[in-house]
2 protein chains.
Amino acid sequence: MSRLDVFINRMVSQRACLNYAAEQTGDMDGPVFELGLGNGRTFDHMREIMSGRPIYVFERKVESNPASTPEPEMTILGDVRETLPAALERFGATASLIHADLGGHNLEKNDRFAREISPLIEPMLAVGGLMVSSDRMYFDTLTELPTPPGAVEGRCFVYRKDK
Amino acid sequence: MSRLDVFINRMVSQRACLNYAAEQTGDMDGPVFELGLGNGRTFDHMREIMSGRPIYVFERKVESNPASTPEPEMTILGDVRETLPAALERFGATASLIHADLGGHNLEKNDRFAREISPLIEPMLAVGGLMVSSDRMYFDTLTELPTPPGAVEGRCFVYRKDK
Ligand SMILES: C[S@@+](CC[C@H](N)C(=O)[O-])C[C@H]1O[C@@H](n2cnc3c(N)ncnc32)[C@H](O)[C@@H]1O
Ligand code: NI
Ligand code: NI
């Protein structure tokens, strides 16, 4: 497998997981959270498949393509280790869908970071809400769902808050 | 279509065109040229599907992932508008496969650049050699081939030097 193969698998899986999660949570009213804007490609996709739903973007430093830059009032600037707890106070446990793609090239570092932010993300979901991540997360109470059709096992993870 | 959809189509098409071109030119001895290293994902793929064939990489500034950085003796540093003519003197019309992915976000600029470098690339191919590009090229003597299976029309282009 080349790095191109791995990358394609990751992108295709991200899309499949987002499409699945958007559909599953389509009846929910709570906000959607995108953690990590980057180039803005997944944000662009989320806004297309969830038009009408409020999407808040958490990002340290906005450097996205101008074609997919969120409105200032939908952008939550800062380190997620600080902005997630603040958002919990602001929104409570209301999120219908949370997507995280915060990792870089260092897999070990990504895993450490996933462990660190899992407890910050966990309390934000409403009952029935889904969390989609490119990295394996470490939740106490959420249920890991099977990889949806079209996604490659291990390239994206989906979790649900059941109760 | 979201930007994520477009991006996935581009990557998938790039891979399909490269796989096709590598197979079609598998019997040829001449060097392979990768124009634009970027992150190194397509280089990594090329080296996997064409192991044993010499792959020279043309790049202004090497900033690839360390896992897919070419050997110094296989790297041709500089602006392709200067290094392509120099490579023609060095190698003659011997290239078996040339891949170009030199573009950025500005489609108009990419098109202008494709027009500018087409005449520099055209004389480098051996008879039977293929050129794969993410942008439409402007060749006088090469034949445009149909998009190979698995690639999305308009997301990659394949040209052959017939005689
Ligand atoms: C889109 S990236 C290539 C991505 C690569 N195919 C991959 O899969 O990672 C384009 C690259 O072309 C290089 N480039 C653009 N114009 C160039 C020029 N005139 N001369 C040399 N390199 C150039 C840029 O520095 C950049 O690294
Ligand atoms: Ni491999
Ligand atoms: Ni669209």
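Analyst: Let us begin with a term: a polar contact is a pair of N or O atoms within 3.5 Å; within protein, one of the two must be able to donate a hydrogen and the other to accept it, and residues adjacent in sequence count only if both atoms are side-chain atoms. By that rule, 14 residue pairs are in polar contact across the interface of chain A and chain B, both residues of a pair being at pLDDT 80 or more. That cut-off matters here, as this is a predicted model: local features need pLDDT of at least 70, side-chain atom pairs count only at pLDDT 80 or more, and totals for chains, interfaces and linings use all residues. Residues are numbered from 1 along each chain as its sequence is written, chains are lettered from A and ligands numbered from 1 in the order in which they are written, and side-chain values use heavy atoms, with hydrogens and water left out.

Now to who takes part. With contact meaning heavy atoms within 4.5 Å, chain A brings 22 residues and chain B brings 21 residues. The size of an interface is often given as the accessible area lost when the parts come together. Here chain A and chain B bury about 2,100 Å² between them, with 55% of it on carbon and sulfur atoms; this buried area is the accessible area (1.4 Å probe) that two parts lose on being put together, summed over both. On the side of chain A, the residues that lose the most area to chain B are A:R3, A:L4 and A:R41, together 35% of what that side buries.

Next come the charged pairs. Side chains of opposite charge can pair when their charged atoms come close. The term salt bridge is used for a side-chain nitrogen of Lys or Arg within 4 Å of a carboxyl oxygen of Asp or Glu. The interface of chain A and chain B has 2 salt bridges by this rule, and B:D5 forms one with A:R15, their closest N and O atoms being 2.8 Å apart.

Helix α1(A) gives the most, with 9 residues.

Notes:
Helices (H or I, at least four residues) and strands (E, at least two) are DSSP runs, numbered from the N terminus.
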